[in-house]
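Please consult the sequence and structure shown here.

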Amino acid sequence: MALRPGRVTVDLWPWPDIRSQAVGSGGAPVGGSAYAHCMSIGSIARTVGRLALGGTLIFTGVSHLTVAREEFQAQVPSWVPVDPDLVVVLSGVAEVGLGAALVALPRWKVPVGWATGAFFVAIFPGNIAQYVEGKDGFGLDTDQARLTRLFFQPVLVAWALWSTEAWKTWREGRKNS
């Protein structure tokens, strides 16, 4: 990692959109990639946030499909006209897919960010139902704990949109139109 005024250069191969290189005299690349970028601290934070969110989604999705399957069924609202196990399996597959895309497809980060944010919005009724119906799951065994959890869903939506620059890209597009 090399420091420059206001910028940090990092090499996080194999993600080519954030790979760096040394620059010799005259600005020519030295022993490196054609994908060089200097990244601001904010850009590094977003990249780390995107990768962390992706890893978290992969872990959670695999948990949906394996060890925590029954716990996740507690979050399926009673009014959903589909077998709760099917809902858990489908949401687990979606989480693994979104997480993998966040990690492995940085060039598609903006649409993946919108899809991830939309997913978090789509599953929010399950969190509300868990609170309203008083269902226990994942240690959420009091109304206070279930209510507190509701406030974290908007944080996940914001995390998805911020770390992928989806919101920033949308705002910039509106300014330019």
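The sections below treat the aromatic residues and then the helix packing.

## Aromatic pairs

The model is predicted. Across the whole structure, a search identifies four aromatic pairs. In one of them, Trp167 and Trp170 are tilted relative to each other, with a centre-to-centre distance of 4.9 Å and an angle of 35° between the planes. The angle falls in the tilted class because stacked pairs have planes under 30 degrees apart and edge-to-face pairs over 60.

Both Trp167 and Trp170 belong to helix α7 (residues 166–175), where they are three residues apart, about one turn of the helix. Trp167 is partly exposed, at 39% relative accessibility, and Trp170 is also partly exposed, at 38%. Ring pairs join Trp167 and Trp170 with Trp114 in a cluster.

## Packing of α1 and α3

Helix α1 (residues 41–65) packs with helix α3 (residues 84–104) at an angle of about 155°, and the axes are 7 Å apart. The two helices are therefore roughly antiparallel, since the class begins over 145 degrees. The crossing of α1 past α3 is left-handed.

## Residues of the contact

On the α1 side, the contact between α1 and α3 involves residues including Leu51, Leu53, Gly54, Gly55, Leu57 and Ile58.

Definitions and conventions:
Residues numbered from 1 in each chain as written. Predicted model: local features only at pLDDT ≥ 70, side-chain atom pairs only at ≥ 80, totals over all residues. Heavy atoms only, no water. Phe/Tyr/Trp six-rings, centres within 6.5 Å; stacked < 30°, edge-to-face > 60°. Helix = DSSP H or I, 4+ residues; strand = E, 2+ residues; numbered from the N terminus. Buried < 20%, exposed > 50% of the residue type's maximum accessible area, 1.4 Å probe, protein only. Axes fitted to C-alpha atoms, helices over the stretch in contact; angles between N-to-C directions. Parallel < 35°, antiparallel > 145°, perpendicular 65-115°, else oblique. Left-handed = near helix turned anticlockwise from the far one by under 90°. Contact = heavy atoms within 4.5 Å.
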